[in-house]
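Please look over the model below before reading on.

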Amino acid sequence: MGEIVLPRRMFLWCMAVIYLTAFVSLYVQIPGLYGNEGLLPARWQLRYSGKPLVEQLLSSPTLLWLGPRLGLDTHTAMELLCLIGAALSLAATLVEAFRDSVVFFCLWVLYLSMYEVGQVFLYFQWDNLLLETGFLCILVAPLTLIRGSRGVREHDRVTFWLIRWLLFRLMFASGVVKLTSRCPTWWGLTALTYHYETQCIPTPLAWFAHQLPVWWQKLSVVGAFVIEIAVPFLFFSPLRRLRLGAFYLQVLLQVLIILSGNYNFFNLLTVTLCLSLLDDRHVYFWLRKAYKTDNGNDDSKLWSWLCYLLELVVWALVIVGTVISFDLQLDTVKKGISSRTAFTYHQFNLFLKTVTIPSIWIGVLSLTWEMVTSLFRCACVSGFFKRFWGTVQWTVFAGAAASMFAVSLVPFTFIEYDSNSRLWPGVRQAYEMVDRYQVVNSYGLFRRMTGVGGRPEVVIEGSSDGVTWTEIEFMYKPGNLSASPPMLTPHQPRLDWQMWFAALGPNTQSPWFTSLMYRLLQGKRDVIELIQSDVSQYPFHQQPPAYLRAHRYRYWFTESKRVHSGNISHSFPERWWRRVYDEEFYPIVHLGNSFLEGMLNQYGLKDKSPPRRLSNTTVAQAVRWVRSQVRGVPAHTLIWTLIACSATFCLVQGLRHKNKDVEKPSDAHKATATDRTENAADGSSSDHHEKSDEQQADEEDDKEADSEDEVEEEGEEENEVDEEDEDEERIEKR
């Protein structure tokens, strides 16, 4: 694999943006979810028993234990940690020096602190994925703040490889679990005929995708299986064009998911992981810049043709295997391509047992190759001290990478029991030690398709007299039949997501729903803002409802209608949704209702402790002031504003840097031309002037790095990104 300087820098910048998104999205929702009058107050998760701080951190690793020592309640401390995380990630987005190992360690600790008290609203796979990727960033990022350099280290290829291994585990497991779950929609290739309308929060494009013919939906499922199960093995291919093909296929899948569904920062994070498949050469191709290599054009034509032939064979095998496995045939009657699953569950299990252990050995060989090449790079560094220090660093980080790889095998082999049972017991013990820190996790998205008989949706209704009922419409989730689905990526409205899960079962499976009804009856503004950020849009904003109830409906997308205007035909929805009443989800309740009181006591949701006084420290007042400035602003608007401003700032900085690079060579050419003219005019000068001219020429040579001494210095600092720009200037001067 070629140099990974630019993909690594792109990866760290994207991770800073994703952290910014995650912290801001969560910060906006903290008062309603975890505040003292929220749905699940965070202070209930922290029992201050007078134990030493170290024991408290070991029992629950969260910085919120420090709140009382700072004079802050748990709610205020949680907001403060979120603001610190947002500020650090914003700084890392804007300034490259802050994309540092220490900064990423702080971001990981801050998000883990939120996760520990987040309860059901933070227990999503993308939260686990962010924590695992964030931990790997600590190994990938440079020590800029300490070492004062953004240079690439010889072992960076080893640590960056862990990102590729994580991407493989994520995609391969996500494809496998769809078939091991025995879900009839995945085996029948009909999952996408339900997915677009039954996913948590669809986009407007999901309605149009739902109207596509069934044969196309089934073919899309086949494509998803190929991209998630077969293509990930190409991540470790020694042929770069195979890796690039795998990169574009993965990005294509993620972009299509982003367009059709609101899955917060998850798909953006997956695309960020895909950057581990790139190299500098391909990034230069994107930038339309010439990539300078040391090999020149000495590559054997025979070897190039053999590589092309091997790549064609691999893609041909993928295509032929797909055609055979899913019995793809042209259907002239329906003018499409028919498909069906041509293998059995038993055959797929045999396949899984066959490839799981070999896939681990492929990872071992790939990681070993990266370690060996990195060690060779360390040995080639000039200077004994730098060579020794580079070797020490390689030893530490190679050991860390090997440990991370070994521990990750435990959750990876959860997909196949026999392979998991063959793992060394010491690896399992190590996994149990780090499991609570979310350093490695198991994944498996869209395991089963829900809502086959119609999308279940809970609709809450309120009344002031118990006779006239008004539906309480949420800002994002489906409710109003005429309301267009929103586009809110990368924000995740966590209450709306849990409302989707609550609709899949009885209310007893979602204890927090009782807390929601209780807070709405009390008229708590923080909870109301989870439903409508503009409180004036809430139907009971002037006075809380006296009664509440909830019903479950079945929702479907409406069918498209064709409207002909001359020779033009287009489809559009008069209404986006249609629905049918299903059953009562929650009975009529009011404050003091025996059923409501019983449920609150049963789940421990009624706070019996006296209300706590607000902290009046300077920090607490500053946190409350920030809250007052963003109150009422939709979270997705706030997030996209920050991302747009950050991207614009980085773009302007990049253009300024590029202009400086263009101006410096032109100034150097002018200076050289002037010197040559002066030398020609002073050709008959004395020996003293000739010696002076020679000294000037020597100085020019020193500036242009033609001396062997500066070549050695470049060899010592060849991994620093800033030195690369200076090298290009010197080449242009020559």
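1. A cavity is a set of grid points where a 1.4 Å probe fits but cannot get out. This is a predicted model, and it holds five cavities of 30 Å³ or more.

2. The largest cavity takes in about 240 Å³ of space. Its lining has 21 residues, and those closest to its centre are V28, Q29, E529, L530 and S533. By type, the lining divides into ten nonpolar, five polar and six charged residues.

3. Which helix gives the most to the lining of the largest cavity? Helix 1 does, with four residues. Helix 1 (5-34), helix 20, helix 22 (525-531) and helix 24 (618-630) each supply at least two lining residues.

4. The count of salt bridges comes to 24. E529, which is among the residues closest to the centre of the largest cavity, is also part of a salt-bridge network with R525, D526 and R631.

5. E228 and K178 form a salt bridge, with their closest N and O atoms 3.2 Å apart. E228 is in helix 11 (residues 214-230) and K178 is in helix 7, so this pair ties together parts that are 50 residues apart in sequence. Are these two residues buried or exposed? E228 has a relative accessible area of 8% and is therefore buried; K178, at 4%, is buried too.

6. D418 forms a salt bridge with K353, and here the closest N and O atoms are 3.3 Å apart. Because D418 lies in helix 18 (residues 417-421) and K353 in helix 16 (residues 345-379), the pair ties together parts 65 residues apart in sequence. D418 counts as partly exposed at 33% relative accessibility, and K353 is partly exposed at 42%.

7. A salt bridge also joins the side chains of E471 and R579, at 2.6 Å from N to O. E471 belongs to strand 4 and R579 to strand 8 (residues 577-589), so to speak distant parts of the chain, 108 residues apart. E471 is partly exposed at 32%, as is R579 at 25%.

8. Most residues other than glycine have a negative phi, and most peptide bonds are trans. Q119 has a positive phi of about 55 degrees and lies in the loop between helix 4 (101-118) and helix 5 (125-140). R182 has a positive phi of about 60 degrees, in the loop between helix 7 (156-180) and helix 8 (184-187). Q119 is buried at 14% relative accessibility, whereas R182 is exposed at 55%.

9. The peptide bond between T489 and P490 is cis, with omega about 10 degrees. P490 lies in the loop between strand 4 (470-471) and helix 20 (494-502).

Technical notes. Residues numbered from 1 in each chain as written. Predicted model: local features only at pLDDT ≥ 70, side-chain atom pairs only at ≥ 80, totals over all residues. Heavy atoms only, no water. Buried < 20%, exposed > 50% of the residue type's maximum accessible area, 1.4 Å probe, protein only. 1 Å grid on protein atoms, 1.4 Å probe; cavity = no way out; pocket = protein on both sides within 12 Å on 5 of 7 lines; lining within 4 Å. Points joined across faces, edges and corners; volume = space filled by probe spheres on them. Nonpolar A, V, L, I, M, F, W, Y, C, P; charged D, E, K, R; others polar. Salt bridge = Lys/Arg side-chain N within 4 Å of Asp/Glu carboxyl O.
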